[in-house]
Amino acid sequence: MKTSAVSGKTRELLMSDLRAGAGTWVSGQSLGERLAMTRSAVWKQICALKEEGYVIESSPRKGYRFCEVPDRLLIREIREGLATRTLGQRDIRYYRQTDSTNLRARELAAQGFPEGTLVVAEEQTQGRGRLGRHWFSPPLQGIYASLILRPAIPPHEAPRMTLLSSVAVAEAILGLTPLAVKIKWPNDILVGGRKIAGILTEISAGMDTVEHMIVGLGLNVNIPADAFPREIRHPATSILAETGVFSSRIKLLRRCLECYESYYDIFKTKGFDPVMDRWKSLTEMMGRRVMVQMVGGRHVGKVSHFDQEGFLVLRDDRGESIRIFSGDVTLL
Ligand code: BTN
């Protein structure tokens with residue numbers, strides 16, 4: 001019996017039928033027969049898909065033709081061809097607008113949502129940056145995504161995950177754009193000295209273990225150079241501003257998840273050294289004179305090294321070593 005009550009699953013089947021026949025006409029009747037739906041139920045679902053941004057042509061005689069996937073961070077598009085086992089394969093929460101994906105993810109983590117749960121938004125009204133800063137999050141032009149992780153590590157090793165995050169995001173950008181990205185400690189992703197992506201890692205920990213970790217990624221993808229608010233125009237940039245071409249946010253997000261999972265696997269199976277080695281090869285800070293601004297003050301000195309826990313070690317002008325857990329670095 002045909003029914004017009006369409007479950008979410010049926011919509012996904014309709015979508016994969018349309019996608020499989022992309023570019024060719026498929027009649028409403030044949031779609032309806034395959035999915036046991038009336039033609040008007042098919043039409044309603046097509047309207048809903050168009051609402052989501054899909055470009056689907058309709059003709060009373062020929063039926064429907066699937067033309068274009070929108071550049072939206074839709075759950076089914078994130079999952080389409082995503083080559084991960086865990087990250088992005090669990091629950092995904094999608095918001096057209098939210099205050100901060102990190103806040104949403106934090107709520108889910110507190111409710112016990114598992115590692116790999118992902119929150120994405122097309123726009124954030126109160127995007128949060130490191131050190132209490134605001135993260136510019138205009139609609140449909142950037143990636144604003146937060147992952148829940150539950151790494152089995154003691155709290156003092158949490159900075160390692162921060163460095164791992166920046167390596168993963170840098171690899172994703174390197175893989176999909178011609179940009180020569182660099183990392184500034186702890187996890188700013190730069191192109192030509194300007195910030196193209198930032199990561200906000202927030203942890204909830206007991207005495208001995210990390211309970212959960214929220215890794216929030218802000219990636220400036222298709223933001224025109226002159227759209228950045230005056231106060232952050234320097235040193236912020238975007239992939240569009242650097243390359244002059246629009247990039248697919250969905251492909252970048254998928255690649256970030258895939259790179260993240262590979263480095264996370266390396267960390268779990270081989271330890272932190274290989275991750276740290278890659279991090280070092282992506283930073284230009286070694287031996288540089290820097291100023292580090294922290295909540296309680298600042299230090300100036302030469303970068304000596306980054307230690308095994310991910311701390312920055314400076315040698316100050318008196319020759320003393322200073323080990324820094326968190327701060328904002330300016331290259332001098
Ligand atoms: C930084 O200051 O460099 C970190 C910026 C992190 C921004 C991202 S956007 C998605 C997630 N949600 C937030 O509110 N912040 C992070």
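The model is predicted, so local features need pLDDT of at least 70 and side-chain atom pairs count only at pLDDT 80 or more, while totals for chains, interfaces and linings use all residues. Residues are numbered from 1 along each chain as its sequence is written, and side-chain values use heavy atoms, with hydrogens and water left out.

Let us start with the whole protein. Its C-alpha trace spans about 80 × 45 × 30 Å along the principal axes. The protein has 10 helices and 15 strands; these are DSSP runs numbered from the N terminus, with helices being H or I of at least four residues and strands E of at least two. Of the 332 residues, 51% are buried, where buried means under 20% relative accessible area, exposed over 50% and partly exposed in between, using a 1.4 Å probe and protein chains only. A contact requires heavy atoms within 4.5 Å. Among contacts between residues at least 6 apart in sequence, 62% join residues at least 24 apart.

Now to the sheets, where two strands pair if DSSP finds at least two bridges between them.

Strands β8 and β9 pair in the antiparallel sense over 3 bridges, with L190 opposite K195 and I189 partnered by A197. These two strands form a hairpin with 2 residues between them, and G192 in the turn has a positive phi of about 55°.

Is Y95 buried or partly exposed? Its relative accessible area is 26%, so Y95 counts as partly exposed. Leaving out residues up to four places away in sequence, Y95 touches R104, V119, V120, A121 and E122. Y95 and L74 are 21 residues apart in sequence, and their C-alpha atoms are 9.0 Å apart in space.

A further open sheet has 5 strands in the order β14-β13-β12-β11-β15, with antiparallel pairing. Its edge strands are β14 (321–324) and β15, each pairing on one side only. Neighbouring strands here are turned by 45° against each other on average, direction ignored. Strand β13 (residues 312–315) is joined to β14 by 4 bridges in the antiparallel sense, and L312 has I324 in β14 as its bridge partner.

Finally, the pockets. On a 1 Å grid over the protein atoms alone, a pocket is an open set of points where a 1.4 Å probe fits, with protein on both sides within 12 Å along at least five of seven lines, and lining residues have an atom within 4 Å of a point. Grid points are joined across faces, edges and corners, and a volume is the space filled by probe spheres set on the points.

The largest pocket holds about 790 Å³ of space. It is lined by 39 residues, and the closest to its centre are R133, H134, W135, K195 and I232. Elements giving two or more residues to this lining include α5 (101–110), β6 (142–149), β8 (188–191), β9 (194–205) and β10 (210–220). The lining divides into 16 nonpolar, 15 polar and 8 charged residues, where Ala, Val, Leu, Ile, Met, Phe, Trp, Tyr, Cys and Pro count as nonpolar, Asp, Glu, Lys and Arg as charged, and the others, Gly among them, as polar.

The second largest pocket holds about 380 Å³. Among its 17 lining residues, R130, T162, T201, F325 and S326 lie nearest its centre, and α6 (158–176) and β9 are the elements that give two or more residues.

How values were computed:
Axes are lines fitted to C-alpha atoms, for helices over the stretch in contact, and angles run from 0 to 180 degrees between N-to-C directions.
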